[in-house]
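Please read the following report alongside the sequence and the three-dimensional view. It is written for a reader who wants to find each feature by residue number.

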Amino acid sequence: VLIRSKRKLVPRDFGDEISSIEELRQIIPAGSSGSSLEDAGKVIDYLDDQMTAFIGESPFVHIATCPPDKIPLVSPKGDEPGFCRVKDSRTLCIPERPGNKLVLGLQALLEYPKVGLCFQIPGNESTLRVGGSVKLTRNAQLCQELQTRGLPAKLVIVVHIEYAFFHCSKAYIRSRLWQSDTWPKEQCKVKFGRYFTKSEPLQNKIDTMVDQHYALVQEAVDGKINEPD
């Protein structure tokens, strides 16, 4: 039984709301780099050689989707470096691996086929931001081409590039994200059982099953077994 709050959401109002681009620009004036995707000098509508190389080294990407009149979603995707494949300067392919089967992002893409991407490389303080229109395909040849550990992609998100640019490094510098001496000494252990039942024994059972499944995925990544679905 999924536990949901029955309380109506009442957004907290702190006052002094910013409600227009004009008001926003009074606080943060446009700089020499531009003021939008349309006039920012570093934004291009294709992947150049530097961007292609970055994607080739990236093992991780966040995928942002937003179906009409619904809440935006951001999903992480990760695999071996270069698991996302640049087919040409205007076309990028992202394989779908076994997951939690909610496919919230994929459903959103079918409703509104536009996507925003943030590529990261561990230790690198730059972020590559890419966006465009998408199509989902189950083309067997392409799914096989994007296989890993002997497992073909379940489907492929094909992105037709409309913008691409490198984001500045300030967020990484301020957060010291890649500096291991700033990482928590103890991992924040997330448990999922509490979201499915109020029964503590069932919660523990669910958490154990999740841990066992993750252990199998790790064995597959280590090349010991085939990856579970």
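## Basis of the model

This is a predicted model, in which local features need pLDDT of at least 70 and side-chain atom pairs count only at pLDDT 80 or more, whereas totals for chains, interfaces and linings use all residues. Residues are numbered from 1 along each chain as its sequence is written, and side-chain values use heavy atoms, with hydrogens and water left out.

## Overall fold

The protein chain has 6 helices and 7 strands, where helices (H or I, at least four residues) and strands (E, at least two) are DSSP runs numbered from the N terminus. Read from the N terminus on, the elements follow the order α-α-β-β-β-β-α-β-β-α-β-α-α. The C-alpha trace of the protein chain spans about 55 × 50 × 45 Å along its principal axes.

The 7 strands of an open sheet are arranged in the order 2-1-5-6-7-4-3, with antiparallel pairing; two strands pair if DSSP finds at least two bridges between them. Strand 2 (73-78) and strand 3 (85-88) are the edge strands, each pairing on one side only. From one strand to the next the twist averages 35°, with axes taken as lines fitted to C-alpha atoms (for helices over the stretch in contact) and angles running from 0 to 180 degrees between N-to-C directions.

Strand 6 and strand 7 pair in the antiparallel sense over 11 bridges; here G131 stands opposite Y163 of strand 7, and G132 stands opposite I161 of strand 7. G132, in strand 6, is also the bridge partner of V115, and strand 5 and strand 6 pair over 6 bridges, again in the antiparallel sense. The hairpin of strand 5 and strand 6 has 6 residues between the strands, and in this hairpin G123 takes a positive phi near 85°. Strand 7 also pairs with strand 4, in the antiparallel sense over 5 bridges, with T91 opposite H160 of strand 7. Strand 4 (residues 91-95) pairs in turn with strand 3 over 3 antiparallel bridges, and C93 in strand 4 is the bridge partner of R85.

## A helix packed on the sheet

Helix 2 (residues 49-57) packs on the sheet, touching strand 3, strand 4, strand 5 (114-120), strand 6 (127-137) and strand 7 (156-167), where contact means heavy atoms within 4.5 Å. The direction of helix 2 makes about 120° with that of strand 7.

A search of the whole structure finds 3 aromatic pairs. One of them, F54 with F166, is edge-to-face, at 5.4 Å centre to centre and 70° between the planes; rings of Phe, Tyr and Trp (its six-membered ring) pair if their centres lie within 6.5 Å, and planes under 30 degrees apart count as stacked, over 60 as edge-to-face and the rest as tilted. This pair links distant parts of the chain, with F54 in helix 2 and F166 in strand 7, 112 residues apart.

## The largest pocket

The largest pocket has a volume of about 1,600 Å³. On a 1 Å grid over the protein atoms alone, a pocket is an open set of points where a 1.4 Å probe fits, with protein on both sides within 12 Å along at least five of seven lines, and lining residues have an atom within 4 Å of a point. Grid points are joined across faces, edges and corners, and a volume is the space filled by probe spheres set on the points.

The lining comprises 41 residues, of which P76, P98, G99, N100 and K101 lie nearest the centre of the pocket. Strand 1 (60-65), strand 2, helix 3 (104-111) and helix 6 (200-221) each supply at least two residues of this lining.
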